[in-house]
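Okay, thanks for making time, everyone. Let me put the model up, and then I'll walk through a few spots in it.

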Amino acid sequence: MMATDIKSDIPKQEKKRKYDVVILGSGPAGLTAAIYTARAKLQTLVISGNLPGGQLMTTSDVENFPGFPTSILGPELMMNIRQQAERFEAVVLDDIATQVDFKHEPFRILTTSTEFETDAVIVATGASPRKLGLKSEETFGGKGVSYCATCDGPFFKDKDLIVVGGGDSALEEAIFLTKFAKNVKLVHRRDKLRASRILQERAFDNPKIDFLWNSVITDISGDKKVHVVITQDVESNETRKFDVGGIFIAIGHDPNTQIFKGQLDMDDINYLKVRNHTYTSVEGVFAAGDVHDHRYRQAVTAAGFGCMAAIDVVKYLEEKHYKSTN
Ligand code: NAP
């Protein structure tokens, strides 16, 4: 049974638990934050979100996370980090936060099953790569369809590749991929790039990159891995078939910030605004990882931000406690 609290934005639920800190998101940022806050003896709850473990759960080998000289599988890395947080008694709940109230203290967080109260929050909900929306894109996810050249590029040595998109990310990825690939074809839906002039110049000057304009991807196929990509010209409807070893989709990311609208300040593309490294616009609410960082977007930088946010939470709660007892 739920009752509506007129002073608050979210309905009250009967089951309620209080934690020192609630961490929203269970990617490298959220779980690293949990290791630090739990180890500092704060009662810590992690609410995992839609994809427990985050984006690395859909990656195969991770070769650039320090400490694993012969690489580690993305899901295995995330399971290890989760176990490390649980060892310090962080509670990791596989549930989704559906509403938050950061306007009143203690802060309240509603999940699909429970209401939680907390003195501090770390938002580590990450960002999701935009998808083309093809069924075959899902089928070949991690099997030749990638959303991160830095992560997966080295697996495509001497292959012919396609990169989709016309922004800075697409051009940066295409240029990066030429270190490994035989050839990179950039497929863009218009005849003009959105990317910055300097990246455009570098891409046009790169002999390994060619462009297919006014074209969209209509199908991806293969056996165990991608072998074929079909494109369609948006003006003539002409379709073309390309034999490729992989396709990198770089059409932007969307930060997972929908539930914080009206609660936390965001920039014009909905990333959380931070000041002083991890502080959001609400005192006691901190941000870590891709939810505010669209520049680096790496597991290791997200983990670093998680560590920073946790240290800031520990300091914030100590000061709050000191003020209330003096
Ligand atoms: P973006 O600027 O939003 O560009 C997305 C690109 O994908 C656009 O060219 C867009 O086409 C295309 N696109 C979007 N949806 C599509 C769809 N469904 N099918 C086919 N194409 C689609 O995203 P971004 O490149 O990831 O950059 C995001 C932000 O990060 C930008 O502000 C960017 O400047 C910044 N960034 C900077 C750097 C750098 O400075 N080195 C590197 C990476 C990113 P249209 O052009 O037709 O809309």
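Predicted model: local features only at pLDDT ≥ 70, side-chain atom pairs only at ≥ 80, totals over all residues.

So, start with strand 12 (residues 183-187) and strand 13: these two pair in the parallel sense over four bridges. By pairing I mean that DSSP finds at least two bridges between the two strands. Within that pair, Leu186 sits opposite Phe211 of strand 13. Helices (H or I, at least four residues) and strands (E, at least two) are DSSP runs here, numbered from the N terminus.

Residues are numbered from 1 along each chain as its sequence is written, and side-chain values use heavy atoms, with hydrogens and water left out.

Next, the ligand. There are 14 residues around it, and the nearest are Asp168, Ser169, Glu172, Arg190 and Arg194; "around" means a heavy atom within 4 Å. For polar contacts, the cut-off is a pair of N or O atoms within 3.5 Å; within protein, one must be able to donate a hydrogen and the other to accept it, and residues adjacent in sequence count only if both atoms are side-chain atoms. Asp168 puts a polar side-chain atom 2.6 Å from a ligand oxygen, and Arg190 has one 2.7 Å from an oxygen atom of the ligand. Glu172 goes to a nitrogen atom of the ligand instead, with a side-chain N or O atom at 2.5 Å.

Most residues other than glycine have a negative phi, and most peptide bonds are trans. So what is the peptide bond from Glu105 to Pro106, cis or trans? It's cis, with omega near -5 degrees, and Pro106 is in the loop between strand 6 (97-101) and strand 7 (107-111).

Then two asparagines with positive phi. Asn237 has phi near 65 degrees and is in the loop between strand 15 (226-233) and strand 16 (239-243). For Asn270, phi is near 70 degrees, and its loop runs between strand 18 (253-255) and strand 19 (285-287).
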